[in-house]
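Student: I have a new structure to look at, and I would like to understand the words used to describe it. Could you take me through them?

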Amino acid sequence: MTTERAASWRRLSPAAFWRRRLRPWRTRRLLEVHLLVLFLLTAVASTALFLSCRQAQHGAEALASREAPAVQGLAATRLAALRANQEAHALVEMDLIGVAGSGETYRSQLSAADQGLSRIADRTDQDLGTVKGLLATYSDSLSLGTSRYRDQPLMQEQKLVEADSLLTREGVGLAPRLKALQQVQMKHAEATVTMGRWQRGGWWLAELSLALVALTLLSALFVLRDRCGRDWNPYLLAAFVLTVLLAVVPLMATSSTQDDLDGVIGDLWQITKTSWRSGPEPAEAQQSVTEVSEGVRQKMADGAWTDRVYRGALVGSLLAIVLPALGLGLRLDNDYWRRR
């Protein structure tokens, strides 16, 4: 019974099935077909993997260098403008105008808002001209209300009311315009890190091609042992291990990076909404935004290792093309091509 089961297993085993499927092929032609198929599949897999990894890396770099700083800068600018208004009103209410050093806080906030807009201009394609003009006019109104007309209460009040209107007027004020810019910038940030249909298709193509490469390598190793009586080909074995690594490591790295980027987008939304909900205490909102921004920078710094994964995937992809060609090419040259 045991002998019959062993014989049955030999007839029905995967090796026996594959041996019957390959029986009509001559050995030389079979190896040449494996060589051609491996070259085509590894070329497709390497190209798809390279482009997919590069796209993911570009998204992370764009978020770190352009989108995230722009979102943070807009939030900081909005809060600085709101706090400047609060500090100016506090000076008037507490009758501190004219006291040495009393206006430094609101002036420093206006300066921070202006510098913030200047830095954002290099990181966004949005038109900031109107906002810069509004900020300049708003700064002039606050300065006139707290300095020039300090001895003329009516003019002082008029300038402060004018500054309030420039800051908060629905739709056209400085704060509403900054809020609109923040919404657009967040959409840009989300689009930068979202994996689109073509990018997902690239990963599917890369993984499918690598799976076919692994199966073809196993088939080539089987043919060499079954037909040629050769030991395991070291080039093909190395190519198989490399193929498995290419199918697993870049995908895991990209998945981890995508999770980090999704977390960064969540933090950026928190920063943005905090600047919208500043209420009567912009200083507290500024502190909260600063803390979350530091966390964002830390997350982006922690994801810098993906650049090494990308370079490794590039080198591995090239080796995945070369190793099978060497393994089968040398064997064909030694056993068949030189004997023609």
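Student: What makes Leu-166 count as buried?

Tutor: Its relative accessibility is 15%, and buried means under 20% relative accessible area, with exposed over 50% and partly exposed in between (1.4 Å probe, protein chains only). Since 15% is under 20%, Leu-166 counts as buried. Before we go on, this is a predicted model, in which local features need pLDDT of at least 70 and side-chain atom pairs count only at pLDDT 80 or more, while totals for chains, interfaces and linings use all residues. Residues are numbered from 1 along each chain as its sequence is written, and side-chain values use heavy atoms, with hydrogens and water left out.

Student: Where is Leu-166 found?

Tutor: Leu-166 is found in helix α6, residues 153–168. Helices here are DSSP runs of H or I with at least four residues, strands are runs of E with at least two, and both are numbered from the N terminus. The C-alpha atoms of Leu-166 and Leu-135 are separated by 8.4 Å, and these two are 31 residues apart along the chain.

Student: How many helices and strands are there in the chain?

Tutor: There are 11 helices and 0 strands. Of the 340 residues in the chain, buried ones make up 42%.

Student: Is Ser-317 buried or exposed, and how do you know?

Tutor: Ser-317 has a relative accessible area of 4%, so it is buried. Ser-317 is found in helix α11, residues 306–335. The C-alpha atoms of Ser-317 and Leu-49 are separated by 7.9 Å, although the two residues are 268 apart along the chain.

Student: And how do you know whether Tyr-106 is buried or exposed?

Tutor: The value for Tyr-106 is 1%, so this residue is buried. Tyr-106 is found in helix α4.

Student: Why is the pair of Lys-299 and Asp-267 called a salt bridge?

Tutor: The term asks for a side-chain nitrogen of Lys or Arg within 4 Å of a carboxyl oxygen of Asp or Glu. In this pair the closest N and O atoms are 2.8 Å apart, so Lys-299 and Asp-267 form a salt bridge. Lys-299 lies in helix α10 (residues 282–302) and Asp-267 in helix α9 (residues 234–276), so the pair ties together parts that are 32 residues apart in sequence. Lys-299 is partly exposed at 32%, whereas Asp-267 is buried at 15%.

Student: How many salt bridges does the structure hold?

Tutor: The structure holds 5 salt bridges. One of them joins the side chains of Arg-66 and Glu-67, at 3.2 Å from N to O. Arg-66 is partly exposed, with a relative accessible area of 35%, and Glu-67 is buried, with 5%.

Student: What separates Glu-294 and Arg-297 in helix α10?

Tutor: They are 3 residues apart in helix α10, so about one helical turn separates them. An α-helix has 3.6 residues a turn, so residues three or four places apart point the same way. The side chains of Glu-294 and Arg-297 meet in a salt bridge at 3.1 Å, N to O. Glu-294 is partly exposed, with a relative accessible area of 44%, and the value for Arg-297 is 44%, so Arg-297 is partly exposed.

Student: How do you know that the span of α9 agrees with its number of residues?

Tutor: The expected span of a helix is 1.5 Å times one less than its number of residues. For the 43 residues of α9 that should give 63 Å, and the end C-alpha atoms are 62 Å apart, so the span agrees.
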